Amino acid sequence: MSDDLSSGNTPRHVAIIMDGNGRWARQRNLPRVDGHRKGVENVLRIVDAANKLGIEYLTLYAFSVENWQRPAAEVDALMHLLESFLGQYAAELVEKHIRLRVIGNLAALPEHARAPLEKAVATTADFPGPTLVLAINYGARTEVLDAVRAYAREVQAGRASPDTLGWESFSRYLYTRDMPDPDLIIRTSGETRLSNFLLLQSAYAEMYFSPVLWPDFDGACLADAVRAFANRERRFGKTGEQLREK
Ligand code: IPE
Ligand code: IPE
Ligand code: MG
């Protein structure tokens, strides 16, 4: 049920680049991992807020393919946080009938993180939604390469023809195959870049950059972003006049 602030113009799919955990910790003279722990605690708070706003798909960028380059101890801590997040919240996701999905290459994750993740995805797969999508070991360029490889194999096998390839058919090879494109992309912590996130799916997404660090980004911050979205005019290449004519 959407609340009145977003009525009529609720983004169906909101994707968030959860950034600023490290700076949150540094500001408090804490180790970076404490910032990540705080960031994980914030996830359920935002999932609840998104539900209240009537958002159908919430995608959270949790770990990029480039994040493997961080110090091994930080990567290890992030993988253990993912495991404990699922240990703590998988039952709550089921209770709330939230469907969990993952985009990214799970095969590269350590078993202790991958197994509970796959289990939670399987347990919630038949819920009609709302859907929480975790982008883990995700990179848009890797996603495109995976899609091209899968498509090329179909062509080689004679099951697809380049002559009939359109965006509709190509997008079925992406990790996001049966999801709508994001309407709104939020990045916290003041950075204004996409960092290899949903580059193709964001073709017509509205962008919203918040200075707030992820652990402090609460339901009111999300409502602000949704309100800003509701006031944007999405033209999809047309003129403003054309939109107002119909
Ligand atoms: C985002 O916070 C979480 C991940 C990328 C896993 P950061 O760890 O990037 O925080 P900053 O950017 O260093 O503040
Ligand atoms: C993007 O944040 C990835 C996630 C939020 C998971 P980063 O902090 O890794 O991005 P850069 O390196 O500052 O661009
Ligand atoms: Mg960062």
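Predicted model: local features only at pLDDT ≥ 70, side-chain atom pairs only at ≥ 80, totals over all residues.

Trainee: Where is S189 found, and what is its phi?

Mentor: S189 is found in the loop between β5 and β6. Most residues other than glycine have a negative phi. S189 is not a glycine, yet its phi is positive, near 80°.

Trainee: What is the geometry of the peptide bond from G129 to P130?

Mentor: P130 has its place in the loop between α4 (111–124) and β4 (131–138). Most peptide bonds are trans. The bond from G129 to P130 has an omega near 5°, and its geometry is cis.

Trainee: Is Q201 buried or exposed?

Mentor: Q201 lies in the loop between β5 (184–187) and β6 (206–209). The cut-off for a buried residue is under 20%. The relative accessible area of Q201 is 3%, so Q201 is buried.

Trainee: Which side chains form polar contacts with the side chain of Q201?

Mentor: Leaving aside neighbours within four places in sequence, Q201 is in contact with Y138, E143, L174, T176, D181 and P182. A polar contact of 2.9 Å links the side chain of Q201 to that of T176. Another polar contact, of 3.1 Å, links the side chain of Q201 to that of E143.

Trainee: Which residues does L30 touch, not counting those up to four places away in sequence?

Mentor: L30 lies in the loop between α1 (21–27) and α2 (32–53). Its relative accessibility is 36%, and L30 therefore counts as partly exposed. Not counting residues up to four places away in sequence, L30 touches W24 and A25.

Trainee: What distance separates the C-alpha atoms of L30 and E154?

Mentor: L30 and E154 are 124 residues apart along the chain.

Trainee: Let us turn to the ligands. How much of the accessible area of ligand 1 does the protein cover?

Mentor: A polar side-chain atom of D19 lies 2.9 Å from an oxygen atom of ligand 1, and a backbone N or O atom of G22 lies 2.9 Å from an oxygen atom of this ligand. For R70, an N or O atom in the side chain is 2.7 Å from an oxygen atom of ligand 1. On its own, ligand 1 has 380 Å² of accessible area, of which the protein covers 86%.

Trainee: Which element gives the largest share of the shell around ligand 1?

Mentor: Ligand 1 sits in the largest pocket. The elements that give two or more residues to its shell are α1 and α2. The residues around ligand 1 include N21, G22, R23, R32 and H36. The largest share, 3 residues, comes from α1.

Trainee: How much of the area of ligand 2 does the protein bury?

Mentor: The side chain of N67 has an N or O atom 2.9 Å from an oxygen atom of ligand 2. An N or O atom in the side chain of R70 is 3.2 Å from an oxygen atom of ligand 2, and for the side chain of R187 the distance is 3.2 Å. Taken alone, ligand 2 exposes 390 Å², and the protein buries 78% of that.

Trainee: Which strand gives the most to the shell around ligand 2?

Mentor: The space taken by ligand 2 is the largest pocket. Among the residues that surround ligand 2 are Y61, A62 and F63. The strand that gives the most to this shell, with 3 residues, is β2 (residues 57–64).

Methods. Residues numbered from 1 in each chain as written. Chains lettered and ligands numbered in written order. Heavy atoms only, no water. Helix = DSSP H or I, 4+ residues; strand = E, 2+ residues; numbered from the N terminus. Buried < 20%, exposed > 50% of the residue type's maximum accessible area, 1.4 Å probe, protein only. Polar contact = N/O pair within 3.5 Å; in protein donor to acceptor, adjacent residues only side chain to side chain. Contact = heavy atoms within 4.5 Å. Near = heavy atom within 4 Å. Areas by Shrake-Rupley, 256 points an atom, 1.4 Å probe, with all protein chains shown as cover. 1 Å grid on protein atoms, 1.4 Å probe; cavity = no way out; pocket = protein on both sides within 12 Å on 5 of 7 lines; lining within 4 Å. Sits in = over half its atoms within 2 Å of the grid points.
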